[in-house]
Amino acid sequence: MAITSANQLELLQTAEAVAREKMIDPALVVEAMEESLARAAKSRYGSEMDIRVSIDRKTGRATFTRVRTVVEDEELENYQAEMTVEQAKQYMANPAVGDQFVEEVPPVDMGRIAAQSAKQVILQKVREAERDRQYEEFKDRAGTIINGVVKREEYGNVIVDVGRGEGILRRNEKIGRESYRPNDRIRCYIKDVRREARGPQIFLSRTAPEFMAELFKMEVPEIYDGIIEIKAVARDPGSRAKIAVISYDNSIDPVGACVGMRGSRVQAVVNELQGEKIDIIPWNEDVPTFLVNALQPAEVSKVVLDEDAERIEVVVPDEQLSLAIGRRGQNVRLASQLTGLDIDIMTEEEESKRRQAEFEERTKLFQAALDVDEFFAQLLVSEGFTNLEEVAYVEIEELTVIDGVDDDTATELQARARDVLEEQAQRALAHARELGADDSLIEFEGLTPQMLEALAEDGVKTLEDFATCADWELAGGWTTDNGQRVKDDGILEKFDVSLEEAQSMVMTARVLLGWVDPEELEQGNEDEIDEDAIEASEDEA
């Protein structure tokens, strides 16, 4: 079919119809047509030619042109699309490298194969434009709730029609054993929108904690207005959830506002979440107080917080233990997710036994090391001394406050403690040398003999070995495996070495070995300080 024999306005009418159907810019469809016609012309005139097509946006007339670019003599490779300056002189007055000579060529007759190829190009371009339009429309809607209609279910995953696109609700993002049939209405949380080869992928979720938070925002006007804020959400989808809220208006009870009159507000959320039981908890800046609230309905006797380890010990009455833990550990697990801390729960009896065991252990330590009787050793433990270092290096006044301890006795106690510590250090250093600890590591500042011994026992025997260690390998840390937090024991963890101290020592070792430029390290520290200062000023503002 010759392009000239067709009604030229049909091109524009077709472009507008396709654009209207796919809800994309008509200019994109016209550009696709131009490209498809150019491809058909190349198959007629030769693929090495630079053939271009321009469709008049008003008349629909298609103009076919051949373009040849002027290049240097030695760069001439394609005789059909390029020419030298000398060759160009017969077509142009003063040709220069980079100039283009454009001449119109006759329109082509589009055969069956060329027409099919042109159709494929147009369809491909339209699909790409449609995908781009969908991505631009949905990328800013991530983090919101959307209503859709179920189209079909594939291998447990639900394909949802969300208006101008399709979303996917994966099997693990459904609540419990939810099942849907085509044309069922569904409400989901847009978890992520990604641009992929097959088009924008809209990932939906009904199990995300944010889904519950958004539902409460829809049901509770105070949350929508910012008077009440949701600080944390923890869910066991389809079973139980905990949500922590705080009110910035003293006259409004955050828990009561979320519950609503006769529970109407929270019940609307529960119904949407397939009967998931929801505990609404008042948030508190004081972590122990917040944790006591989070463990409701169990009663808590005592809370011991270890901020460095991000762990917390909770003591409950014996009869409250099962309630605090919950069925299959659900209550304590949700409380842990809500607070971001690892929680150890024990009964009052268990805590009493543990404290008694610690008391006896420290008493025996002081008896053996300081050569004192049991009563005197118990006095030291009762005053809060836990190890020999504390006895050896505290201010002498802290020992003389103990009944029966004068200056001479305190001085003698400290001398005995230091002698024992010195002897232990010598033994540890000798053992480290026996294990092969190198002088480069022994002379490194910041490592005690006991630390050197622990490092050598773990195979870290030279400064190079030490410099290759990660901070968490030395100080310990936590990793998440299949949703469970797993403890990574550090080589120097028992010596209370923090992650920051471990990182500082490792970087110092790398500087000494010449692996890191000290100026770059110093600049990096200054950048961190600047960032901290900026954050602090923003917080003050």
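Select glutamate 412 to begin: at 39% relative accessibility it counts as partly exposed, a class that lies between buried (under 20% relative accessible area) and exposed (over 50%), computed with a 1.4 Å probe on protein chains only. The structure is a predicted model, in which local features need pLDDT of at least 70 and side-chain atom pairs count only at pLDDT 80 or more, while totals for chains, interfaces and linings use all residues. Residues are numbered from 1 along each chain as its sequence is written, and side-chain values use heavy atoms, with hydrogens and water left out.

Arginine 416 and glutamate 412 form a salt bridge, with 3.0 Å between the closest N and O atoms; the term requires a side-chain nitrogen of Lys or Arg within 4 Å of a carboxyl oxygen of Asp or Glu. The two residues stand 4 residues apart in helix α16, or about one helical turn. Helices here are DSSP runs of H or I with at least four residues, numbered from the N terminus.

Return to helix α16 (residues 407–434) and select helix α18 (residues 449–457) with it: their axes are 8 Å apart and the helices pack at an angle of about 30°. Axes are lines fitted to C-alpha atoms over the stretch in contact, and angles run from 0 to 180 degrees between N-to-C directions. Helix α16 is therefore roughly parallel to α18, a label for angles under 35 degrees.

To view the contact (heavy atoms within 4.5 Å), select Gln424, Ala425, Ala428, Leu429, His431 and Ala432 of α16 together with Pro449, Gln450, Leu452, Glu453, Ala456 and Glu457 of α18.

Move to helix α12 (residues 348–370), where lysine 353 and glutamate 349 lie 4 residues apart, about one turn of the helix. Their side chains meet in a salt bridge of 3.4 Å, N to O. Lysine 353 is exposed, with a relative accessible area of 55%, whereas glutamate 349 is partly exposed at 43%.

Finish at helix α5 (residues 209–219), which holds lysine 217 and glutamate 214, 3 residues apart. The closest N and O atoms of their salt bridge are 3.4 Å apart. Which of the two counts as buried? Glutamate 214 does, at 18% relative accessibility, while lysine 217 is partly exposed at 34%.

Methods
Parallel < 35°, antiparallel > 145°, perpendicular 65-115°, else oblique.
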